[in-house]
Amino acid sequence: MTISQEPRAVLLSARGMRKSYGGIRALRGVDFDIRVGEVHGLVGENGAGKSTLIKMLAGAETPDEGVVTVSDATVAPGDPQASLAAGISTVYQEPSLFGELSVVENIFLGRELTQGGRVLWDEQDRRGIELLEMLGLDPSIARRNVADLPVGEQQLVSIAKAFATKVKVLILDEPSAILSDREIDMLFTVVRRMRDAGTGVIYISHRLDELGKISDRVTVMRDGEVVATRDTRELTTRQIAELMVGHELGTVDVTSEGVGRPVLEVTDLAAGKSLRHISFTLHEREVLGIYGLIGSGADEVARALYGITPARSGTLKVNGRERRLRSPRAAKAAGMTMAPGNRKRDGVFLDKSLTFNMASSHLKHFASALGVMSAKRERATMHELMSTLRIKATSPETRIGTLSGGNQQKVVIARQLVETPAVTILEEPTQGVDVGAQEEIHRLVLKVARDGASCLVVSTDLEEIRTLCDRIIVMHAGRVGAILDRGAPASDLLAAASGDADPVAPTEGVEE
């Protein structure tokens with residue numbers, strides 16, 4: 001005999017949500033709800049309307065039409081304080097913290113525990129430490145400045161800050177994008193505890209495989225509309241991806257046409273605080289991956305090669321010529337280009353147009369012999385890149401800060417394609433990018449390589465690095481742990497990244 005289970009009560013309801021920005025209709029009458037004690041996945045391509053919807057739930061945006069209720073009480077639109085008072089708390093993809101303040105000060109900022117007009121510092125410390133322990137963080141960081149913490153721990157502090165309020169609905173926007181596997185496990189444990197306590201959690205992620213591990217239902221959005229809301233167990237990851245893009249996914253052809261001559265030769269490179277004895281060769285038409293866990297030095301390799309972190313020792317040759325790359329300008333002059341992983345901090349001018357962002361690194365390319373910039377050539381190039389990368393914007397003069405994160409990322413990559421570099425370094429090229437855009441970027445990287453260029457891809461996405469790259473450098477503790485071929489078992493990469501070299505046969509560049 002099967003006992004029927006009554007559906008859980010609706011905790012938050014959004015009905016008829018509409019929003020337009022100029023000529024762009026971001027939301028087209030969206031209905032969405034979350035139940036008591038539910039983790040509800042929310043997915044869609046960049047520009048599908050996810051960010052607009054959660055900003056309205058959080059009171060950061062005012063809808064043109066629509067009503068939001070929590071526990072049947074209407075929430076005032078466009079009022080962040082009203083949303084907080086209703087029990088809606090949001091943790092955005094990038095930590096919104098004050099680096100010069102301590103962890104506890106950030107957790108209780110704007111909602112300090114007071115008595116008689118005085119802050120109860122000891123009580124704040126006690127409650128802050130309880131929150132850190134709940135998240136699996138070392139309580140000793142409570143009085144440390146946030147700026148001194150790794151970015152993964154900063155994200156968990158943002159989540160602790162959300163937990164400091166009486167949360168009914170917790171919105172997590174790409175919470176795992178910058179977390180290590182261990183930190184993701186800690187996050188999932190906390191989310192499950194909150195669900196079991198009756199909290200509703202809206203979980204937004206481009207890592208679709210996470211949905212089966214953490215969500216009860218999933219809503220898929222496309223072009224400002226909801227196209228499906230299903231129990232997660234009813235859908236495979238591929239079915240979710242195909243609902244997002246609106247068609248069956250193709251297969252990226254990763255067949256290599258064979259590598260050519262050495263283009264970049266690195267010997268015994270040392271840089272920064274931990275990078276040392278790095279040796280490898282990047283060949284013509286090759287996509288070479290660099291993979292490692294957080295703190296392994298994988299990102300430092302890219303920054304040392306591009307002159308952001310000047311090398312302490314070692315030699316570097318580009319097209320057979322020895323170079324001393326002490327700055328990005330010197331790296332660019334040597335024929336190298338780099339798309340940084342943190343686009344908002346290092347990659348874009350948010351208040352400027354797409355054209356400005358694209359052309360900012362190529363002033364000589366668009367200038368006449370007299371030094372006069374050609375606005376016509378700039379716009380034509382940007383139009384072409386918008387078409388190639390399917391960048392969703394009304395025109396090349398659209399301010400880049402109004403675009404979704406994935407479309408911003410496409411502009412950052414587009415900038416690297418204006419001229420033909422000898423070496424293109426791509427740091428986390430698809431971080432925060434939806435499955436459709438990820439496929440487009442992968443095709444583009446492979447096309448650039450097949451056209452004769454060389455690509456160095458730094459990524460913490462294990463599947464991306466295994467399928468996209470011809471060879472993979474695995475970093476551990478500032479050194480090369482192994483260099484493996486495409487398709488190497490994930491277990492081998494993880495073993496090398498963890499410092500266990502036994503299952504991995506050392507190849508080129510590995511110290512004996």
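1. Two strands are taken as paired if DSSP finds at least two bridges between them. Strands (E, at least two residues) and helices (H or I, at least four) are DSSP runs, numbered from the N terminus. By this scheme V474 in β21 is the bridge partner of Y291.

2. This is a predicted model, in which local features need pLDDT of at least 70 and side-chain atom pairs count only at pLDDT 80 or more, while totals for chains, interfaces and linings use all residues. Residues are numbered from 1 along each chain as its sequence is written, and side-chain values use heavy atoms, with hydrogens and water left out.

3. Confidence. pLDDT is the predictor's confidence in each residue, from 0 to 100. The chain has a mean pLDDT of 85, with 93% of its residues at 70 or more. Over residues 502-512 pLDDT stays under 50, and the model has 21 contacts beyond four places in sequence for this stretch; a contact means heavy atoms within 4.5 Å. Where pLDDT is low, the predicted coordinates should not be read in detail.

4. Strands around β21. Strand β21 (residues 471-476) has five of its six residues buried, buried being under 20% relative accessible area, exposed over 50% and partly exposed in between (1.4 Å probe, protein chains only). β21 runs parallel to β15 (residues 287-291), with four bridges joining them. To β22 (residues 479-485) β21 is antiparallel, through six bridges, and V474 stands opposite A482 there. The hairpin of β21 and β22 has two residues between the strands, and A477 takes a positive phi near 55 degrees in it.

5. Nonpolar cores. A nonpolar core is a set of buried Ala, Val, Leu, Ile, Met, Phe, Trp, Tyr and Cys residues joined through side-chain atoms within 4.5 Å. The largest has 44 residues, of which V287 and L493 touch the most other members. Helix α15 (residues 435-450) gives the largest share of this core, seven residues. Another core lies apart from it and has 37 residues, including V39, V104, L187 and V190. Beyond its neighbours within four places in sequence, L493 has contacts that include Y291, L462, V474 and L484.

6. Helix α4. The 14 residues of α4 (residues 121-134) should span 20 Å at 1.5 Å a residue, and the end C-alpha atoms are 20 Å apart, which agrees; the expected span is 1.5 Å times one less than the number of residues. Buried in α4 are Q124, D125, G128, L131 and L132. Seen down the axis, the buried residues of α4 fall within an arc of 130 degrees, so they line one face of the helix. The arc is that of the directions from the helix axis to the C-beta atoms. These buried residues pack against α3 (103-107), β8 (118-119) and α5 (151-163). G136 follows α4 and has a positive phi, near 80 degrees.

7. E427. This residue is in strand β19 (residues 423-427). E427 counts as buried because its relative accessibility is 5%. Residues up to four places away in sequence aside, E427 touches D299, R303, M338, A339, P340, G341 and V458.

8. Strands around β4. Five bridges join β4 (residues 65-70) to β1 (residues 10-21), and the two run antiparallel. Across this pair, L12 stands opposite V70. β4 is also antiparallel to β5 (residues 73-74), through two bridges, where V70 stands opposite A73. Two residues lie between the strands in the hairpin of β4 and β5, in which S71 takes a positive phi near 50 degrees.
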